[in-house]
Structure formats: C-alpha cells, structure tokens
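Please keep the viewer open and follow along.

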Amino acid sequence: MKVTMYTDGAARGNPNGPGGYGTILEYIDPQGQVHRREYSAGYKKTTNNRMEMMAVIVGLEALNRPCEVTVYSDSQYVVKAFNEHWLDGWQKRGWKRAGNKPVLNVDLWKRMLTAMKSHTVTFCWVKGHAGHPENERCDELATSAADGTDLLEDNFE
C-alpha cells in the first residue's frame, strides 16, 4: 500500500492548545478510495528537530503493515539524515559526529530506524514557507493536528 505522509513539528505550539507534533497519512484503499488519518499528541515544548522527528515517527509507528511511504517534511535535519547518508556514517562511527562529538537525539534516531524497518520510506524536503504547495499542506494539515486536542490514534486500518 502506498501512503503519503505530511509531517510538522509545532515546537511553538498553539498558545491556546497543547502544542506538539502532527502527522497526516493519506492512502488509497484496495477499492480505490482515498482516506486521510490524523495522528497527533500534545508534547512538552522541546527543540524543533525533536518535534519534527516525532512527527515522522508517530506516523510510521501507526502503520501496521508494510507500506511504501513518502514523507514530506520541512525539516532539513530529518531529510538530510536519510538522503545524505548521515545516519549510515553516524552508525559506523558509533553514533559520533565530526570531532568525535555525540550525535544529538540518538534515542529518536534509533526509534525512527525501528519504525522504518518493514517499510520502504522516501523522505522529501519541502523547502521553507514561501508557497511551496507540499509545504503548505504540511503546515496546514499537520500543524492543525499538532495543535489540536485529539489524542493520538493507536490503530491503522
């Protein structure tokens, strides 16, 4: 099954809501109908990179069967880690960066790798906030999920 994921970490959060991260999954069922599922949860304010990572992880963990997933994210940190082989290098160096400094967010990188295991995942960077249509969808859909009050759904049909 092919799934398109739009993610956004709302580190600032909605001043009137819990703030957090949100993921929207869109997929076509075997009968050809398009479905959209929203996954979100309030999350304590933390760095934007951690929010963006959680947004991807929560979507991947929601999938209960192998899928071909395209992730749209405006986080260069997340996308470049996969598209420019940062993760491979970090693992080979024992989760160390240049200058033997520890990789930040190792707990979440390892959780992301676990969540990806049974899927084929492609990461697409949607640059900036200046009218890129996929970025607008990330902002509109996933930020509203992040700022909403709905609890994270724990199943995916």
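Threonine 122 touches Val69, Thr70 and Val71, leaving out residues up to four places away in sequence. This comes from a predicted model, and threonine 122 sits in strand β5. The C-alpha atoms of threonine 122 and threonine 70 are separated by 4.8 Å, although the two residues are 52 residues apart along the chain. With 41% relative accessibility, threonine 122 counts as partly exposed.

**The protein as a whole**

- Five helices and five strands make up the secondary structure of the protein.
- Of the 157 residues in the protein, 46% are buried.
- Among contacts with a separation of 6 or more, 67% are between residues 24 or more positions apart.

**Helix α1**

- Helix α1 covers residues 48–61, and eleven of its 14 residues are buried, so α1 is largely enclosed by the rest of the structure.
- The buried residues of α1 are Arg50, Met51, Glu52, Met53, Met54, Ala55, Val56, Ile57, Val58, Gly59 and Leu60.
- The length of α1 agrees with expectation: at 1.5 Å a residue, its 14 residues should span 20 Å, and its end C-alpha atoms are 20 Å apart.

**How α1 packs on α4**

- What describes the packing of two helices? The angle between their axes and the distance between the axes do.
- For α1 and α4 (residues 106–116), the angle is about 25 degrees and the axes are 9 Å apart.
- The two helices, α1 and α4, are therefore roughly parallel to each other, as an angle under 35 degrees counts as roughly parallel.
- The crossing of α1 and α4 is left-handed.
- On the α1 side, the contact is made by Arg50, Met53, Met54, Val56, Ile57, Leu60 and Glu61, while α4 brings Asp107, Leu108, Trp109, Arg111, Met112, Ala115 and Met116.
- By class, the residues in this contact of α1 with α4 are ten nonpolar, no polar and four charged.

**Glutamate 61, in α1**

- Glutamate 61 lies in helix α1, and its relative accessible area of 42% makes it partly exposed.
- Setting aside neighbours within four places in sequence, glutamate 61 is in contact with Arg111 and Ala115.
- The C-alpha atoms of glutamate 61 and methionine 116 are 8.2 Å from each other, and these residues are 55 residues apart along the chain.

**How α2 packs on α4**

- Helices α2 and α4 pack at an angle of about 60 degrees, and their axes are 13 Å apart.
- That angle makes α2 oblique to α4.
- The crossing in which α2 passes α4 is right-handed.
- Tyr77, Val78, Ala81 and Phe82 of α2 make the contact with Trp109, Met112, Leu113 and Met116 of α4.
- Which classes of residue form the contact of α2 with α4? The contact has eight nonpolar, no polar and no charged residues.

**What covers α4**

- In α4, the buried residues are Val106, Leu108, Trp109, Met112, Ala115 and Met116.
- The cover over these buried residues of α4 includes α1, α2 (76–83), α3 (86–92) and β5 (120–125).

- Asparagine 105 is in the loop between α3 and α4.
- Is asparagine 105 buried or exposed? At 13% relative accessibility, asparagine 105 counts as buried.
- Not counting residues up to four places away in sequence, asparagine 105 touches Asn49, Arg50, Met53 and Tyr77.

- As background, most residues other than glycine have a negative phi.
- Histidine 85 is not a glycine, yet it has a positive phi of about 65 degrees.
- You will find histidine 85 in the loop between α2 and α3, and at 58% relative accessibility histidine 85 counts as exposed.
- Tryptophan 95, a residue other than glycine, has a positive phi near 60 degrees.
- The loop between α3 and α4 holds tryptophan 95, which counts as buried at 14% relative accessibility.

Note on methods: Residues numbered from 1 in each chain as written. Predicted model: local features only at pLDDT ≥ 70, side-chain atom pairs only at ≥ 80, totals over all residues. Heavy atoms only, no water. Axes fitted to C-alpha atoms, helices over the stretch in contact; angles between N-to-C directions. Helix = DSSP H or I, 4+ residues; strand = E, 2+ residues; numbered from the N terminus. Parallel < 35°, antiparallel > 145°, perpendicular 65-115°, else oblique. Left-handed = near helix turned anticlockwise from the far one by under 90°. Contact = heavy atoms within 4.5 Å. Nonpolar A, V, L, I, M, F, W, Y, C, P; charged D, E, K, R; others polar. Expected span 1.5 Å × (residues − 1). Buried < 20%, exposed > 50% of the residue type's maximum accessible area, 1.4 Å probe, protein only.
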